Amino acid sequence: MLEPLRQGLPPLDPASVSNAASCALPPRYEAVRDARQFTRRTLDQWDIGNRFDDVCLVVSELVTNALRHALPADTPRPGDQDAPVRLHLMRWTERLVCAVRDPSHDSPVAGDSEDFSAESGRGLFLVDSFADGWGWHPLAGTLNGKVVWALFRLGPSA
């Protein structure tokens, strides 16, 4: 169900992006709320607010994973001085991509889906269930870390 994990974005022409927005997220868990609010405002501006519930769930999971698993243990969390996690939303005519950049080179790892009483560990299964596709890829060049992305197909009327 979660294979292949390491893959780039599906073929999408960057020149045909109709809308793009991005926000920096501080290294604290309140940033998940900020990401949801940013997503709500952005989708409303793009007139695709009807997709908010699914997209918001996926954004919340991706940002939570980045904050919980991708930041070094010594990353200061109380302040806003650095924003090691960044949320990108990109819209094509019939597709929306949510991408979360973080400083870790470690691949995302799905938790054990067998323990339904667990309070965590199912985030990537939720992403897989609610998005039309997802994956990750390491960053190259001067950027450190990776991007974990999720793709949503939008109807022609969206």
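How many helices and strands are there in the protein?

1. The model is a predicted one, and in it the protein has three helices and five strands. Read from the N terminus on, these elements follow the order β-α-α-β-β-α-β-β.

2. Among contacts between residues at least 6 apart in sequence, 68% join residues at least 24 apart.

3. Helix α1 (residues 31-45) and helix α2 (residues 52-70) have axes that come within 9 Å and cross at roughly 150 degrees, and α1 passes α2 in a right-handed crossing. On the α1 side the contact is made by Ala31, Val32, Ala35, Arg36, Thr39, Arg40 and Leu43, and on the α2 side by Phe52, Val55, Cys56, Val59, Ser60, Val63, Thr64 and Leu67. By class, the residues of this contact divide into ten nonpolar, three polar and two charged.

4. Helix α2 also packs with helix α3 (residues 123-130), at an angle of about 150 degrees and with the axes 9 Å apart; angles over 145 degrees count as roughly antiparallel, and α2 and α3 are therefore roughly antiparallel to each other. Here α2 passes α3 in a left-handed crossing.

5. In the contact of α2 with α3, Asp54, Leu57, Val58, Glu61, Leu62 and Asn65 of α2 meet Gly123, Leu124, Leu126, Val127 and Phe130 of α3, a set of residues that divides into seven nonpolar, two polar and two charged.

Notes:
Residues are numbered from 1 along each chain as its sequence is written. This is a predicted model: local features need pLDDT of at least 70, side-chain atom pairs count only at pLDDT 80 or more; totals for chains, interfaces and linings use all residues. Side-chain values use heavy atoms; hydrogens and water are left out. Helices (H or I, at least four residues) and strands (E, at least two) are DSSP runs, numbered from the N terminus. Contact means heavy atoms within 4.5 Å. Axes are lines fitted to C-alpha atoms, for helices over the stretch in contact, and angles run from 0 to 180 degrees between N-to-C directions. A crossing is left-handed if the near helix is turned anticlockwise from the far one by less than a right angle, and right-handed if clockwise. Ala, Val, Leu, Ile, Met, Phe, Trp, Tyr, Cys and Pro count as nonpolar, Asp, Glu, Lys and Arg as charged, and the others, Gly among them, as polar. Angles under 35 degrees count as roughly parallel, over 145 as roughly antiparallel, 65 to 115 as roughly perpendicular and the rest as oblique.
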